Amino acid sequence: MKKNSVAKKNVIVLILSLLPFVIGLSYSLYRSSDRNYFSKAINIAGSQRMRTILIANYAHQIYNQDFKIDQKDLAILEELYVYKEYFEALKYGNSSLEMKPNNFHDIKNKLEELTPLVDNYISNVNGLILDTDKKNKMRSILVDSLKIKNGFHEVTELYQLHNDLYIERQKTIDTIMIILAAGITIGGLFLTSKIKQQEYHANFDALTKLKNRHNLISYIEDKSSLNFSIYFIDLNKFKIINDTYGHEIGDEILVGVSRRLVKVFGRDTLYRYGGDEFIVLWEDVKKPGFEAEINRKIDMNIKSIKELLSEPIVDSYGREHFVGLAMGVISSNVAIDNWDALINLSDDLMYDSKSIPENVVIFRNKKDLKHRIKFLKGIDSIFSKESIKLQYQPIYTITDKRNILFNVTSRLEKDGEEFYASEFLHILKRKGYLTDLDKNTMQVLDSDYSDNIVKDPGINSKVRYIVTLSEDTLINSSSNDFFSVIKSLDIPESRIIIKIHENFLYNEKIQESLEILRSMGFVIAMDNFTLDLSLKDLYKYRDIEIFKIDNSLVSAVFTHEHSVDILKEFVSMLVKNDKTVIVEGIDRSDLEFSLKELSTSDMNKILYSEKYSKRPYNKLSYPDSCLIENKEFLRDLQID
């Protein structure tokens, strides 16, 4: 009997010891849906913030470019539909999105504050599409978008706060369970495993297994931002992959990209910040001469990323996907002593980088930061103050090095400091000033040309100039008075070569503008042309007379003998079809040797510009040493 009594007591003790564990486990399983809810809610609230800006950008394009409803409304209407659906899901829940009704009063109150703004925002966008009172609608859209974006940011932070509180409560419960069930080995092990699992979900992204945003915020709490270089990375056109192939394939692409980023940065420094955005916090060792070493490491990392992403990502169906990226990088040499400012600025640089060909903007030192701040101050008045000057990069014949062309680029003089085209083109594009820049370029070129004709009409009248026109200018040429500007110029149209990006060929409005330019006597050149031209596609380029091969491609080609052979065949095909080719950034002897098998007549159609050292601001600027200042650029020119 006594043994039975002891056994019973032991059983009771065991049951009492296990009871907290059982209760706690049951509670964890019951509340596990909260974790999924917070994850969904945070993602949706964050996506609403980005979608607000996306809709405003679409609206701005419609307003500026005078798109008709049947040409541009599908994308924005689809975004508006999702935008409204997600907003209502945050307020009332949505079973298809796995969102339960919102029971948090502070979040509900914030969403109620946003409701009239969102309703007015959607109404104004619809009104803009229907072409009613466009100016006032656009003004209201821009004002409301900033308020709504900030509002959704606050909603996201509130969800994150509740998520953190939930995690802390759960950790407390788990700790109590461990203490009460310390004598139960099985229970203790199980509880430990449970805690680790919860901590993992709190700090790691379920899809990519990378550290998540919450992990990053926790990590930097007791760290100094002065010791870290930061990389803010965003995938270009990732939404197209999701929309075309579905989110399942999109997830595979994200996993593939994350694995390649891990190869460069390792897992300890890499975070999935949200959606298709990644952040790298690279802790730098500050030894003597560390500034140069830090910048060398940044260049090595960027090169490695580009090399890895140049190879396709193969999905589960065997299809190849090429993924581009935009990147904003800030070196620890810049010394920004505030984490919020550092992350936000890297985010801004990433968005700037989406508008430049190499898709990377780097701040390497404090001078770069001051440079940007000075440029942004008073940017709206740069044209009225006539601050934009022109520079002329010489282009030579390969046969006898005659300087027959000049590539025209812009430089801004502001408050005693110079800013190169690569430093402000992407910012002007985001502000809608590229057409003003193109008009200004043509007018200043006309003035420079007239001045030099007066000095030496025998020589200077034979020079030709290559001018790059933006997409904004060409696509809205019927309404932006650009043609009126060029018709008023004294410089003959035959002296100007209009250079465009390859992608422009696929836009009907731009094609119409190019036809008008051709009829006026302008020659059309193709910028940054790639080596994927085939004979079956040649008809698309029948009206293009000059093709420029970009320096970045030339540099890559000359690293492999086989690639040089491809370049030779490519150039040969173009010149035999009566096209002129400009090879950018190369030694004349290298180019002559690579193309030595071409005939003399073919060689006459091959031009080149010389190599130049690039400014440290980013990888696109032209240095003073390779450019000839306006109004003095023809001093020593000799042309037959």
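Author: Happy to. This is a predicted model, and in it aspartate 315 forms a salt bridge with arginine 319, with the closest N and O atoms 2.9 Å apart.

Reader: Is aspartate 315 buried or exposed?

Author: Aspartate 315 is buried, because its relative accessible area is 5% and the cut-off for buried is under 20%.

Reader: Where do lysine 239 and glutamate 79 sit?

Author: Lysine 239 is in helix α8, residues 238–245, and glutamate 79 is in helix α3, residues 69–92. The two are 160 residues apart, and the pair links distant parts of the chain.

Reader: Which of these counts as buried, then? Start with glutamate 79.

Author: Glutamate 79 counts as buried, at 3% relative accessibility. Lysine 239 is partly exposed, with a relative accessible area of 36%.

Reader: Which residues are linked with them in a network of salt bridges?

Author: The network links Arg51, Glu79, Lys239 and Asp243.

Reader: Nice. What about lysine 91 and glutamate 112, how do their side chains meet?

Author: They meet in a salt bridge, at 3.8 Å from N to O. Lysine 91 is buried, with a relative accessible area of 11%, while glutamate 112 is partly exposed at 46%.

Reader: Let's switch to the serines. Where is the place of serine 145?

Author: Serine 145 is in helix α5, which covers residues 134–180. Its relative accessible area is 4%, so serine 145 is buried.

Reader: Which residues does serine 145 touch?

Author: Leaving out residues up to four places away in sequence, serine 145 touches Thr52, Ala56 and Tyr121.

Reader: And serine 346, which helix does that one lie in?

Author: Serine 346 lies in helix α11, residues 339–353. At 0% relative accessibility, serine 346 counts as buried.

Reader: What does the side chain of serine 346 reach?

Author: It reaches the backbone oxygen of isoleucine 343, at 2.7 Å. Beyond residues up to four places away in sequence, serine 346 touches Ile230, Phe232, Gly328 and Ile330.

Reader: Helix α5 came up with serine 145. To which cavity lining does α5 supply at least two residues?

Author: That would be the lining of the largest cavity, to which α5 and α7 (213–220) each supply at least two residues. The lining is made up of Ile42, Thr156, Glu157, Gln160, Arg213, His214 and Ile217.

Reader: How do those lining residues split by class?

Author: Two are nonpolar, three are polar and two are charged.

Reader: How much space lies in the largest cavity, and how many cavities are there of 30 Å³ or more?

Author: About 70 Å³ of space lies in the largest cavity, and there are three cavities of 30 Å³ or more.

Reader: On to the backbone. Which residues have a positive phi without being glycine?

Author: Lysine 209 is one of them, with a phi of about 70°. Aspartate 481 is another, with phi near 65°.

Reader: Where are lysine 209 and aspartate 481 found?

Author: Lysine 209 is in the loop between α6 (185–203) and β1 (211–212), and it is partly exposed, with a relative accessible area of 44%. Aspartate 481 is in the loop between α16 (471–475) and α17 (482–487).

Reader: Last one, the whole chain. How many helices and strands does it have?

Author: The protein chain has 22 helices and 18 strands. Buried residues make up 50% of its 640 residues. Of the contacts with a separation of 6 or more, 74% are between residues 24 or more positions apart.

Reader: Thanks, that was a handy tour!

Notes
Residues are numbered from 1 along each chain as its sequence is written. This is a predicted model: local features need pLDDT of at least 70, side-chain atom pairs count only at pLDDT 80 or more; totals for chains, interfaces and linings use all residues. Side-chain values use heavy atoms; hydrogens and water are left out. Helices (H or I, at least four residues) and strands (E, at least two) are DSSP runs, numbered from the N terminus. Buried means under 20% relative accessible area, exposed over 50%, partly exposed in between (1.4 Å probe, protein chains only). A salt bridge is a side-chain nitrogen of Lys or Arg within 4 Å of a carboxyl oxygen of Asp or Glu. Contact means heavy atoms within 4.5 Å. On a 1 Å grid over the protein atoms alone, a cavity is a set of points where a 1.4 Å probe fits but cannot get out, and a pocket is an open set with protein on both sides within 12 Å along at least five of seven lines; lining residues have an atom within 4 Å of a point. Grid points are joined across faces, edges and corners, and a volume is the space filled by probe spheres set on the points. Ala, Val, Leu, Ile, Met, Phe, Trp, Tyr, Cys and Pro count as nonpolar, Asp, Glu, Lys and Arg as charged, and the others, Gly among them, as polar. A polar contact is a pair of N or O atoms within 3.5 Å; within protein, one must be able to donate a hydrogen and the other to accept it, and residues adjacent in sequence count only if both atoms are side-chain atoms.
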